[in-house]
Amino acid sequence: MHPNETTLNEYADGSLGAAERAGVEQHLAACASCRQLVDDLRDILRATGELEPLDAPVRAWPRLERAIRMEREHATRVTAGPHSGDAVSDPADAGSYRTYATWLAAAAALVLAAVVGMRYTPVRRAEAPAVAPAGATASATAGGAAESIETELRQAEAHYENAIKGLEAIATTERSELDPRTAATLQKNLAVIDQAISESRAAVRSEPASEPAQQSLIEGFKAKIGLLQDTVALINEMRKGNEAGAARIVSGLKQKGN
Amino acid sequence: MTVDLVASIQAGDVDAFEALYRQHSAKIYTLASRMAGSPEDGEDLLQEIFLQAYRKIGSFKGDSALGTWLYRLALNHCLDYVRSRRAKMNKLTDTLDAETSFEPAARRDTPIARMDLERAVERLPEGCREAFVLHDVEGFDHKEVADLLGIAEGTSKSQVFKARLKLRGFLGKR
């Protein structure tokens, strides 16, 4: 009789006691399929042990920095009272930022704050079988859930569209700060994303329960927001005269374009 | 060094916070992406974790290394995310037997490529992915995984083993 999968996993882990281990080894000597399973498990464990850290996206720091500065400015204004005005009042920032740069950062951070914390999680197809088990309760639950998913998707869509509108307004007004080649590249990338969003939206409309279509629509929104946030971050870095910061963002944009 | 860095961050020095971010962002992003099973959600979690760290840095008393404090904060945030997502999913799948099905890839006897494994981990179902990441990747033992995820130790084992068998299928190992 074959050892069960739990025992073989524990054998591969090296966590079996001596007596059990000897029994498994005796079996493995005569059973090619169990030997193959143990070899595969060990391969997976070895490869898992060799996984390396992933690099965070380049745009992550500028996004975070904007949110932090926004939070600090907000805290400073609250401390200073309601009539402290719109100028930068944090001594650490005074002189290094112009008012419009602060406004730009603040506006982008507001959009970021609106998007972070709000995630739409489409149901994976594997977790919701296409054919529900027989029974009125299960069908009713699945039907109610499908409606709830559609409602959530619509809410998520509206949320993302609002965020996109806000960022587009900033990016369009301030785009003249960018050199024409960078602006053209951004425009081209935006057009590609818009096309993908439009196709995903059509797919969702014709097949509302399709998880891949929902996922692809949400990913399209996220990609657009990411690109617009990069655009605003780039404009802001150029205005601050921070060439290193701008170069980091442009390099991230190029990576994404490849 | 840590004391200086923390003091500077507490005084509002964003450059000091950037130094902290540069030092730890890869580790935190890796944990968040793998726990969430998606690089996009991992990026959102990274943002939230560091924003929270910025807000809470005043509560860092130096009882542990700053990196340990940050990792614990990140882990708790990821676990909250996983729990809330699971609760949301359970609403839908409560009455359905949602045993995940998948089509195993054709058998391959070549070494496992790192990116293939990353993608395969992303495809793991909720529940067994988190247990696998915490046990096989992050190195917690089953008792710790059970405590972190609020499950029994035996469940942690079965989830990790289930994840490995699914990875075997995804990676064409059977």
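Analyst: What follows is a look at helix α3 of chain B and its surroundings. The model is predicted, with an ipTM of 0.84 and a pTM of 0.62.

Helix α3 of chain B covers residues 39–56, which makes 18 residues. From its first C-alpha to its last it reaches 25 Å, close to the 26 Å expected at 1.5 Å a residue. At the start of α3(B), the side chain of B:S38 places an oxygen within 3.3 Å of the backbone nitrogen of B:E40. The helix is mostly covered, with 13 of its 18 residues buried.

One residue that touches this part of chain B is B:F17. Setting aside neighbours within four places in sequence, B:F17 is in contact with B:F50, B:A53 and B:Y54, among others. Its partners also include B:I9 and, from chain A, A:W61, A:L64 and A:I68. B:F17 belongs to the largest nonpolar core, which has 64 residues. Together with B:L134 and B:L167, B:F17 touches the most other members of that core. There is also a second, separate core of 26 residues, and A:L153, A:L167, A:V204 and A:L228 are among them.

Further along chain B comes helix α4, residues 66–93, which contains B:G67. Is B:G67 buried, partly exposed or exposed? B:G67 has a relative accessibility of 24%. Buried means under 20% and exposed means over 50%, so B:G67 counts as partly exposed. B:G67 is 39 residues from B:I28 in sequence, while their C-alpha atoms are 10.0 Å apart in space.

As for confidence, the mean pLDDT of chain B is 86, and 86% of its residues reach 70 or more. Over residues 92–102 of chain B, pLDDT stays under 50. For that stretch the model has 25 contacts beyond four places in sequence. Where pLDDT is low, the predicted coordinates should not be read in detail.

Chain A, which supplies some of the partners of B:F17, has nine helices and zero strands. Of its 258 residues, 44% count as buried. Among contacts in chain A between residues at least 6 apart in sequence, 72% join residues at least 24 apart. Chain A exposes about 13400 Å², and carbon and sulfur atoms supply 54% of that area.

Terms used:
Residues are numbered from 1 along each chain as its sequence is written. Chains are lettered from A and ligands numbered from 1 in the order in which they are written. This is a predicted model: local features need pLDDT of at least 70, side-chain atom pairs count only at pLDDT 80 or more; totals for chains, interfaces and linings use all residues. Side-chain values use heavy atoms; hydrogens and water are left out. Helices (H or I, at least four residues) and strands (E, at least two) are DSSP runs, numbered from the N terminus. Buried means under 20% relative accessible area, exposed over 50%, partly exposed in between (1.4 Å probe, protein chains only). The expected span of a helix is 1.5 Å times one less than its number of residues. A polar contact is a pair of N or O atoms within 3.5 Å; within protein, one must be able to donate a hydrogen and the other to accept it, and residues adjacent in sequence count only if both atoms are side-chain atoms. A nonpolar core is a set of buried Ala, Val, Leu, Ile, Met, Phe, Trp, Tyr and Cys residues joined through side-chain atoms within 4.5 Å. Contact means heavy atoms within 4.5 Å. pLDDT is the predictor's confidence in each residue, from 0 to 100. Accessible areas come from the Shrake-Rupley method with a 1.4 Å probe; for residues, only the protein chains shown count as cover.
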